[in-house]
Amino acid sequence: MPMIEAHDLRKTYRANGEDVHALDGLSLQVPEGRVIGLLGPNGAGKTTAVKVLTTLIRPDSGTARVAGLDVLTQAREVKRVVGSSGQYAAVDENLTGVENLEMVGRLYHLGTRAARARARELIDLFDLAEAGDRPVKGFSGGMRRRIDLAGALVIDPQVLFLDEPTTGLDPRSRIALWGVIKSLVAGGTTVLLTTQYLEEADHLADSIYVIDQGRVIAEGTSDELKAQIGGHRIALALVDAADTGAAREILARHGTGPVTVDDSGRSLEVPVQRGPSTLAAALAELAQAGVELHDAGIRRPTLDDVFLTLTGHLAQASPDPAAPSQIDEAAS
Amino acid sequence: MTTQLARHTDTAHLPHGHRTGGPRWSLPSDAWTITWRNLLKFKRSPDYVVFAVLQPIMFVLLFSQVYGGSIRVEGTNYTDYLMAGIFGQTVLFGATFSGYGMAQDLKDGIIDRFRTLPMHPAAVLLGRTAADLALNTVSMIIMILTGLVVGWRFHEGILAFLGGVALLLLFSYAFSWVMALIGMMVRTPEVINNASFMILFPLTFISNAFVQAQNLPGPLQAFANWNPVSALVQAARSLFGNLGQSPVSDALPMRYPIAMVLIGSVLMLAIFVPLAVTRYTRTSRR
Ligand SMILES: Nc1ncnc2c1ncn2[C@@H]1O[C@H](COP(=O)(O)OP(=O)(O)OP(=O)(O)O)[C@@H](O)[C@H]1O
Ligand SMILES: [Mg+2]
């Protein structure tokens with residue numbers, strides 16, 4: 001049984017007299033104990049998808065099940081087994097860090113004492129012990145974020161949803177959170193996370209869904225995705241920028257896509273089908289043309305290449321998490 | 001989090017948590033948790049203390065000391081006449097906190113957190129309105145004590161007096177739900193604040209709260225007689241025995257103020273509790 005299952009989800013918003021298809025037939029399946037990464041440019045529909053799956057908004061059509069429970073008709077049961085942290089920290093400014101987590105525990109009905117004990121554990125885990133008894137009002141963005149993430153772990157959730165969990169965290173906290181996610185998965189938790197960081201998806205996710213304009217446009221492991229957009233890249237470093245034209249011509253003949261040249265004119269790259277043999281052939285021709293090289297090599301595409309090729313956008317971080325936009329779901 | 005979390009990276013062990021939330025899904029306990037959280041907020045924000053404690057004292061003192069000698073009411077003194085008006089105005093303003101609070105919570109995103117938790121859908125609103133009722137009750141007690149100090153007396157016995165207090169609080173509680181719904185629709189706490197002021201101030205001044213309605217010019221007098229604030233104040237005033245011999249208008253709300261306030265409160269609750277809960281279940285930040 002897949003732990004997360006979405007089928008043909010659609011959600012349309014009306015903004016300024018225009019229909020925005022936030023979800024346009026999104027489907028996905030996540031087996032138990034896996035980490036799935038949702039990757040997509042700004043406005044792709046990642047947050048909308050997470051909100052549907054965490055019962056925050058109702059889709060216009062389509063179905064979704066989490067832990068075998070229907071998010072529309074069994075929302076209450078879904079909430080009991082799910083932990084989630086939204087794109088923007090949702091914490092009570094006037095409570096302390098500990099009180100925030102205690103409140104969440106009480107609302108999961110752990111009982112006041114267990115909730116308090118759990119809050120302390122999580123505060124320690126997220127390295128907020130010194131700040132934990134101060135009102136969140138005075139916390140930095142990253143500290144708030146950590147309280148919010150801790151809120152997702154108050155129960156040991158069967159399914160965990162994290163919307164851009166590491167945006168706003170410093171690199172050390174980010175790597176540490178990766179560790180927490182991995183240990184949860186080792187304990188059997190299923191995780192769906194969205195991210196703008198390709199490195200993060202590469203590092204954490206067993207499988208990646210690339211979404212754009214409310215739809216899944218590619219799916220697979222990071223290796224599969226890389227293979228899908230062309231096996232290899234040939235990269236050259238020229239000694240003399242005067243040779244750029246000649247080198248480009250030769251690469252274009254061997255490549256399966258456009259040749260990219262950097263600003264200096266001395267670094268060239270082209271996607272190719274079979275790396276080694278094509279590189280050998282290209283090198284022979286370059287030598288014949290008298291093009292001198294500093295360096296030549298084959299590299300596997302990165303997820304950045306995948307992202308660019310598939311969506312035509314550059315991956316970029318979301319705006320400041322402390323500045324959420326205010327749009328009303330019910331008003332649309 | 002670094003060192004702590006990093007350790008868990010190696011050991012792959014989180015502190016033991018509960019696999020699921022507890023089975024109970026209880027409105028009273030969820031609502032109590034939210035009330036607790038709202039009361040903590042009152043405790044930590046000096047603005048609320050100012051509003052709930054100092055402002056009522058100031059109003060009672062100002063009105064009774066400044067106007068006490070200059071406004072005459074047949075058959076009673078102005079301080080007696082005035083108190084119900086100040087009570088009414090204060091608790092109505094207190095009720096607007098529910099709108100402010102809901103808007104603020106939406107803005108902070110904490111409502112999104114609540115909505116992902118397995119709580120009763122009415123709990124947040126119930127906790128909100130309950131905390132605001134508690135604050136209003138505190139204001140009420142302070143005003144009563146201040147009033148007694150400046151010479152206000154009730155004349156119909158303790159039960160009628162308590163009835164009057166209960167009626168004021170009931171009406172303001174029902175009005176809290178109206179404000180909570182508005183708060184979720186407007187979503188901007190500052191707008192709620194300013195709009196409440198703009199609407200409630202004229203409403204209390206064009207009523208019998210501080211002056212006798214028959215002293216108002218014609219059209220305002222008609223408005224005042226049908227103004228719900230007047231009915232509320234009139235009801236409390238009659239239960240306190242503070243009416244004096246001021247002539248009573250034959251507008252329906254003035255003839256049966258207690259019944260009108262009771263009916264109005266029940267109607268407000270019957271309409272706005274379901275509306276607000278429904279609205280809550282589909283509201284979300286961003
Ligand atoms: N409440 C709303 N009202 C109107 N439009 C909305 C609303 N929520 C989302 N949208 C629109 O739906 C689309 C998808 O938004 P969503 O927040 O899901 O994107 P995202 O992939 O999470 O983007 P980001 O990377 O910026 O977080 C966007 O075009 C957005 O403007
Ligand atoms: Mg998003």
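Modeller: Strand β11 (residues 232-238) of chain A and strand β13 (residues 267-272) of chain A run antiparallel and are joined by 6 bridges. Strands here are DSSP runs (E, at least two residues), helices are H or I runs of at least four residues, and both are numbered from the N terminus. Two strands pair if DSSP finds at least two bridges between them.

Biologist: Which residue is the bridge partner of A:H232 in β13(A)?

Modeller: That's A:V272. Bear in mind this is a predicted model: local features need pLDDT of at least 70, side-chain atom pairs count only at pLDDT 80 or more, and totals for chains, interfaces and linings use all residues. Residues are numbered from 1 along each chain as its sequence is written, chains are lettered from A and ligands numbered from 1 in the order in which they are written, and side-chain values use heavy atoms, with hydrogens and water left out.

Biologist: What's the strand order in that open sheet of chain A?

Modeller: The order is β12-β13-β11-β14, 4 strands with antiparallel pairing. At the edges sit β12 (260-261) and β14 (293-299) of chain A, each pairing on one side only.

Biologist: And which strands does helix α9 of chain A touch?

Modeller: Helix α9 (residues 244-254) of chain A packs on the sheet and touches β11, β12 and β13 of chain A. Contact means heavy atoms within 4.5 Å. The direction of α9 makes about 10° with that of β13(A). For angles, axes are lines fitted to C-alpha atoms, for helices over the stretch in contact, and values run from 0 to 180 degrees between N-to-C directions.

Biologist: What about helix α10 of chain A, which strands does that one touch?

Modeller: Helix α10 (residues 275-288) of chain A packs on the sheet too, touching β11, β13 and β14 of chain A. Its direction makes about 160° with that of β14(A).

Biologist: Switching topic: how many helices and strands does chain B have?

Modeller: Chain B has 12 helices and 0 strands, while chain A comes to 11 helices and 14 strands.

Biologist: How much of each chain is buried?

Modeller: For chain B it's 54% of 286 residues, and for chain A 54% of 332. Buried means under 20% relative accessible area (1.4 Å probe, protein chains only).

Biologist: And what are the dimensions of chain B?

Modeller: The C-alpha trace of chain B spans about 85 × 35 × 35 Å along its principal axes. For chain A, the C-alpha box is roughly 80 × 45 × 40 Å.

Key:
Buried means under 20% relative accessible area, exposed over 50%, partly exposed in between (1.4 Å probe, protein chains only).
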